[in-house]
Amino acid sequence: MDERIRLRLDVSYDGTDFSGWAAQPTRRTVAGVLVETLDLVLGAGTATGLTVAGRTDAGVHATGQVCHLDLPAAVWREHDGRLLRRLARLLPTDVRVRAMTEVPADFDARFSATFRRYEYRVTDAPWGAEPLRRHDTLAWPKPLDLAALNAAAAGLVGEHDFAAYCRRKEHATTLREVTRLDWRRDADGILVATVQADAFCQAMVRSLVGAMLVAGDGRRPVEWPAGLLTRRDRSSEVTVAGAHGLTLVAVGYPDDPAEYARRADLTRRLRVPVAEG
């Protein structure tokens with residue numbers, strides 16, 4: 001059998017015209033476009049095992065997505081140094097592969113990850129989102145109080161069962177550890193939530209944002225989002241915030257490559273990760 005090597009790909013995309021990450025036969029997806037382009041450059045089926053850190057939903061963007069794939073070592077040696085530019089010429093402009101790096105065979109973009117970090121952009125300006133940012137910024141119809149948003153966020157940090165905020169999947173746990181959740185208002189007036197956790201269940205980030213926004217505009221008390229953590233089923237009171245405001249900005253991995261396999265084994269035993277966003 002030919003020697004194969006594993007590559008880490010760092011990927012950015014505008015999710016507006018994608019039906020999420022995961023390949024679907026009749027829909028345009030990020031994974032589908034990547035595989036199609038790799039097949040065109042390298043030959044059909046040459047790149048195998050495309051695996052992503054976080055399967056973002058339709059409309060969600062990424063500036064820090066990570067995935068891995070396997071190639072015959074001879075093919076990598078042939079194309080190394082030129083593959084990135086060839087992909088840049090052939091990929092559509094709404095998806096970019098920013099780096100391709102050879103990694104140990106036990107690196108797993110999904111299971112070796114130690115955290116995923118998202119940002120969610122919201123404007124409460126009375127005129128709405130700036131036209132050039134309309135695809136990545138949610139326009140909120142009421143004024144938002146930064147202190148109230150951060151008070152609501154504080155109660156959600158830590159390890160909890162986020163069943164009230166997740167679309168439950170069979171055999172998948174909703175226990176997650178949120179290590180960072182805070183809001184800032186940038187100089188341009190945009191409110192940005194930063195959410196970091198070991199992993200997220202489906203729709204969790206946008207559900208958390210939706211709950212915090214109604215506390216931030218005064219329609220709910222700041223204690224209300226944390227109060228939902230006592231529930232063991234998805235709450236119908238939580239409105240999922242729009243996908244277009246959400247961007248995956250970073251995925252973390254152990255500093256020591258020797259820890260990739262140990263981290264992957266630990267993650268598999270802790271939970272079965274499900275779709276994110």
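At what angle do helix α1 (residues 30-42) and helix α3 (residues 83-90) pack, and how far apart are their axes?

**View 1. The packing of helix α1 against helix α3 in the predicted model.** Helix α1, which spans residues 30-42, packs against helix α3, which spans residues 83-90, at an angle of about 120°, and their axes lie 10 Å apart. Angles from 65 to 115 degrees would count as roughly perpendicular and those over 145 as roughly antiparallel, and α1 and α3 are therefore oblique to each other. The two helices, α1 and α3, form a right-handed crossing. On the α1 side the contact is made by T37, L38, L40, V41 and L42, while α3 contributes L83, R86, L87 and L90. Sorted by class, the residues of this contact between α1 and α3 comprise seven nonpolar, one polar and one charged.

**View 2. The packing of helix α4 against helix α5.** Helix α4, formed by residues 146-154, packs with α5 at an angle of about 135°, and the axes of the two helices are 8 Å apart. That angle makes α4 oblique to α5, and α4 passes α5 in a right-handed crossing. The residues that meet here are A148, L149, A152 and A153 from α4 and M212, L213, A215 and G216 from α5. Within this contact of α4 with α5, seven residues are nonpolar and one is polar, and none is charged.

**View 3. The largest nonpolar core and the surroundings of V122.** The largest nonpolar core holds 79 residues, and those touching the most other members are V122, Y165, W183, M212, L213 and Y253. Helix α5, residues 204-216, supplies the largest share of this core, with nine residues. In soluble globular proteins, nonpolar side chains tend to be buried together. When neighbours within four places in sequence are left aside, V122 is in contact with T137, L138, W140, L144, W183, I190, L191 and L213.

View 4. A73 and G218 are separated by 145 residues in sequence, and their C-alpha atoms are 58 Å apart in space.

**View 5. S19 in the loop between β1 and α1.** S19 is placed in the loop that runs between β1 (4-13) and α1, and at 22% relative accessibility S19 counts as partly exposed. Once its neighbours within four places in sequence are set aside, S19 is in contact with Q24, R27, R28, T29 and A58. Although S19 and T56 are 37 residues apart along the chain, their C-alpha atoms are separated by 9.2 Å.

**View 6. The backbone at A203, in the loop between β9 and α5.** A203 lies in the loop between β9 (191-197) and α5, and its phi is near 70°, which is a positive value in a residue other than glycine. With a relative accessible area of 0%, A203 is buried.

Definitions and conventions. Residues are numbered from 1 along each chain as its sequence is written. This is a predicted model: local features need pLDDT of at least 70, side-chain atom pairs count only at pLDDT 80 or more; totals for chains, interfaces and linings use all residues. Side-chain values use heavy atoms; hydrogens and water are left out. A nonpolar core is a set of buried Ala, Val, Leu, Ile, Met, Phe, Trp, Tyr and Cys residues joined through side-chain atoms within 4.5 Å. Buried means under 20% relative accessible area, exposed over 50%, partly exposed in between (1.4 Å probe, protein chains only). Helices (H or I, at least four residues) and strands (E, at least two) are DSSP runs, numbered from the N terminus. Contact means heavy atoms within 4.5 Å. Axes are lines fitted to C-alpha atoms, for helices over the stretch in contact, and angles run from 0 to 180 degrees between N-to-C directions. Angles under 35 degrees count as roughly parallel, over 145 as roughly antiparallel, 65 to 115 as roughly perpendicular and the rest as oblique. A crossing is left-handed if the near helix is turned anticlockwise from the far one by less than a right angle, and right-handed if clockwise. Ala, Val, Leu, Ile, Met, Phe, Trp, Tyr, Cys and Pro count as nonpolar, Asp, Glu, Lys and Arg as charged, and the others, Gly among them, as polar.
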